[in-house]
Structure formats: C-alpha cells, structure tokens
Amino acid sequence: MVTRVRQDVNKLPQWDPTLLWYAKAVAEMQTRPFNDPTSWRYQAAIHGYQRDQDPFASDSDTLPSAADQRTFWSQCQHSSWFFLPWHRMYLMCFEAMVAATVVKLGGPAGWSLPYWNYSDTSNPGARRLPAAFFLPTLPDGSANALNVSARAPNDNGDIGMTPAEVDIRCLADALFTGIADGGHPGFGGPKTGFNHGNGPTGALEKTPHGDVHVAVGGDSGLMSAFETAALDPIFWLHHANIDRLWQVWLNRLSSHKNPADTTWLSASNAKFQFHDASGQVQTYTPAQMLDTTNTLLGYQYEDTSDPLATGAPVSIHAAVGGPMGAVVQQPAELAGGTSAAHALANAPTTAQVPLQAGAASVRGAALTSAPVARVYLNLENITGSGRPGGYGVYLNVADAANPPAQSDPGFAGTLPMFGVQAASGSDLLHQGSGLTYVLDVTHVVEHLKAAGTWDAHNLRVTFAPLRAGQKAPDLQVGRISLYYGD
Ligand SMILES: [Cu+2]
C-alpha cells in the first residue's frame, strides 16, 4: 500500500515543507545521544564507523556496547549484490525515524525522503547541490542543519560534477548479478556474502553512485568515505535516487529481473539487522525489499520513467539466451594484464598493459564484427588511504600528460575512490583486497581500431585526476587487465 511519494528535490520549491521539516528533524536527531539508535550519529555509524575518523568524537560520547556496535555498525554492503537491498532497508528505517521526528516536532504525518536526480538532462542545474543543502539559514533565520561545510568546494552548489560522473548507461545492463571473473560485474553487483567493500563493484554502484559520493565530498569531506558519508544530509537523497534507479532499471525491460537465487532473497549467507523507528530490532531480507509499494515499504517514486532515449544502447547480454531463455554470461577471456602495481598520483600517469595477440581467439578475433563480444578493462585491487577523489581513465591517448576532455572517444570512464580506505584494510573489519572496477570499453576499442591507434600487443591506460589538488599519497591499482566477454 502506497502511503508516501518520494519526490524529485529539483522540482520542489527551495523551502518546500518536505525540506524544511527535514532540516528541523535532522537538527533534532543531532541532539540525541550517540547511543540512541535514532540519533543522527548512530544512523550514520550504521553505514560505517571508525572512531579516528569521527568529526564529532568527544570525550563525553557514550558509545553503544561493543556487541551493539558489532551488530549494527559498519554494515553497509558494497561491491555486492546486496548493495541495493541493504541500502533500501537502511533508507526505509531512516525515513521512518525522520517522519516520526517531524510529527514529534508538530509537523505533518507521512514525511517522505526526496531524491536527487543529478542525471536529469532536461535540467542544466541538476548536478548542482539543491539550494536547501548549502543555504546557511532556514527562512526563519535559524541555522540550517542540511548545510554542512565538509564538502568539496562549491560555488552556489556547483561542485563541478560532470556528465560522465552521473552517467546512467548502467541502466542498459541486462543482468543484475555479475560473475566477477573479469567480465561484466552486473547492474546490481556480484554474488557475495556479507561484504562491506572488497572486490568487483556493480555498474550502478560505480557510476553514478561512487562518483557522486566523491564529487560531493571532495578530498576531505564527509561524503567521500563510508565512515562519514551518511553524516551529510544529502547522502540520503543521493541514495534515494540510487534506489529509484533500481526501479527504473526493472521497469525498462521485462527481461530486467532481480536475482531469483534464494541465497540473495533470504540473505542466507548474511544477516541484516536494523532498529525500526520505534527502536525495535528487526531482521530484514532482500525478499522483503522487492516491491516498494508493499506494506512494509509503502512508497513509490514521483518518476520512474526511462531516461535513456529510444535507440539507447541495449546491452549485448540481452541477446544471449541460456537454458529456459534465461540471460546468461559466458566466462570472460583474459587478453592481457600488468604484472606490477601501478601507482596513481595527483597528475596523469600511464600504465602499459601487454596484450597477447593470439589470446581470446574467438571473441577477440570477432571483435570487428561487433556486437558479438564486449571488451572489459579491469582495474583490480585498488588500494590507498584517505579520500583521494576520482580518476578519469583513457586508452591510448596521444598526449598522456594532457588527456583530452571526457567527451573524447578515448575516454573510458571514471574511477571513483569512494570506500578505498575501508576496502584497503586500514580498518579492522576488512581484509583489504581493495576496490575493483570493471569498465566496458568496447566502444573505446572500436573507436581506436577505426582510428588506427589500436595495438594488439600493447594497451596504454592513462589515469587523470578528476579534480585539481586531489591527494593520492599511496593510491595504486594492483593489476590492470583486459578481458573479452559477453
Ligand atoms: Cu553510497
């Protein structure tokens, strides 16, 4: 039963009651003690927590018990097929807490979380922070709790986010679940158990999700790391949009389906516990998260229409039929990879990737008669510390020291470093194999072949910082490899 509509923040007046009440509720939640599960800081700690990164840490903090922290904190699921359902659970509980707070403060019932559609190409201001998130005061002159200073430098909300960082080509991916073998990581992420952030990342989770995080947070802000992201009130509108894009993807094509695997549906290899708005502990499963209009969730989005124009790229996966007509992926074939780590810097760097001309015979050779094969660039085991922003990736550019604009056909995509520190083992909960991103570079390789700049024995991969002043003291890509796949 739908009781709430999550609205597009860019279509709301600057101080629409939804935003005004959000600001008041955030301020109220910020006054609650840290060990209160409905407090602002506790809610953010559910996503990630590390004491030495807590900007509000104080000697007067009363922390929850160690057992409580282990059960409820640092639970966010990343680089996993649980990314979408886990964040849906998280938003559901948070939204109910804000709604209850609004009522307590004398506001209307039924408050619902708005979403930030930064990918709306019909709105030139879509990539700017909505005004309610940077104005210093509310209309009555009191402080605005939605305005936080720990963000990337911005001019009237303009954080310099580019179209490539909010690209939604992931909506053309046919499969929810990737295989994590060097081929496509899936729209929703690869099959994992409980996973806080190692390994290949699903297409939606990389872009726009990760890019928007680091574009808003910059090189020191809250949004750029798991442990602080949810302390920024814009986090929740960003994730409402990611949650909406899940529904948009499902609506696009009848062949777009959620996993039917009971391991995913019941989270039988993981356990997701939250406090509901009344403070009761609940265990939720992805199976409960499939229909936003069910009794538990009770919401729908103002707009879930298909934003990709007619004739938009349809993934090759859609054409591959498996048993019973199911869409399947064949194992990817390695075309070549580096044998040493490549260090990233605050200036462009280039890695040489040796390719074996004879490798990947069937699909590699057939590449010229596309679309029978896809080409995937894997950036594996990216490790580092801090908040190093993001990189643009280019293949075989002419002037590697001065890479061209992101509109250049040699531009392969972005590498957001959201979560790199958590994935690198700098925090006790994780093993530390780093982030792994997979870029579908089929279109770039086709362009290079047509331009005569493709070399079957050597690939040059250039990494350029997305923003000046990014710090990357110990950031490296463990291995760079190229795969042919479906
Ligand atoms: Cu996020």
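I take helices (H or I, at least four residues) and strands (E, at least two) as DSSP runs, numbered from the N terminus. The model is predicted: local features need pLDDT of at least 70, side-chain atom pairs count only at pLDDT 80 or more, and totals for chains, interfaces and linings use all residues. Residues are numbered from 1 along each chain as its sequence is written, and side-chain values use heavy atoms, with hydrogens and water left out.

**Entry: P409**

I started at P409. It sits in the loop between β12 (390-395) and β13 (411-416). My classes are buried under 20% relative accessible area, exposed over 50%, and partly exposed in between (1.4 Å probe, protein chains only). I then listed contacts, meaning heavy atoms within 4.5 Å. Beyond its neighbours within four places in sequence, P409 touches V444 and H447. I also checked L448, 39 residues along the chain from P409; the two C-alpha atoms are separated by 8.3 Å.

**Entry: helix α5**

Next I took α5, residues 203-217. Its 15 residues span 21 Å from first C-alpha to last, close to the 21 Å expected at 1.5 Å a residue. The expected span is 1.5 Å times one less than the number of residues. I noted a bend of about 35° at H209, taken as the angle between axes fitted to the seven residues ending there and the seven starting there. In α5, 15 of the 15 residues are buried. G218 follows the helix, and its phi is positive, near 65°.

**Entry: copper ion**

Which residues are the protein donors of the copper ion? I found H209, H213 and H239, each through NE2, lying 1.9 to 2.1 Å from the ion. Donors here are N, O and S atoms within 2.8 Å of the metal (3.2 Å for Na, K and Ca); water is not among the atoms, so sites may look incomplete. The spacing along the chain reads H-x3-H-x25-H. H209 lies in α5 and H239 in α7 (residues 234-252), so the pair ties together parts 30 residues apart in sequence. H209 is buried at 0% relative accessible area. H239 is also buried, at 2%.

**Entry: UniProt record**

The UniProt record, an unreviewed entry, places "domain: Tyrosinase copper-binding" at residues 78-95 and 232-243. I note that UniProt positions are in the numbering used here, feature names are shortened, and annotations may be inferred rather than shown by experiment. Residues 78-95 are 72% helix and 0% strand, with end C-alpha atoms 21 Å apart. Residues 232-243 are 83% helix and 0% strand, with end C-alpha atoms 18 Å apart.

**Entry: cysteines**

I searched for disulfides, pairs of cysteine sulfur atoms within 2.5 Å, and found zero. C76 is buried at 0% relative accessible area. C170 is in no disulfide either; the nearest cysteine sulfur, that of C76, is 19 Å away. C170 is buried at 6%.

**Entry: Q288**

Last, I looked at Q288, in the loop between β6 (281-284) and β7 (299-301). Q288 is partly exposed at 30% relative accessible area. Leaving aside neighbours within four places in sequence, Q288 contacts T283, N294, L296 and L297. A99 is 189 residues from Q288 in sequence and 21 Å away, C-alpha to C-alpha.
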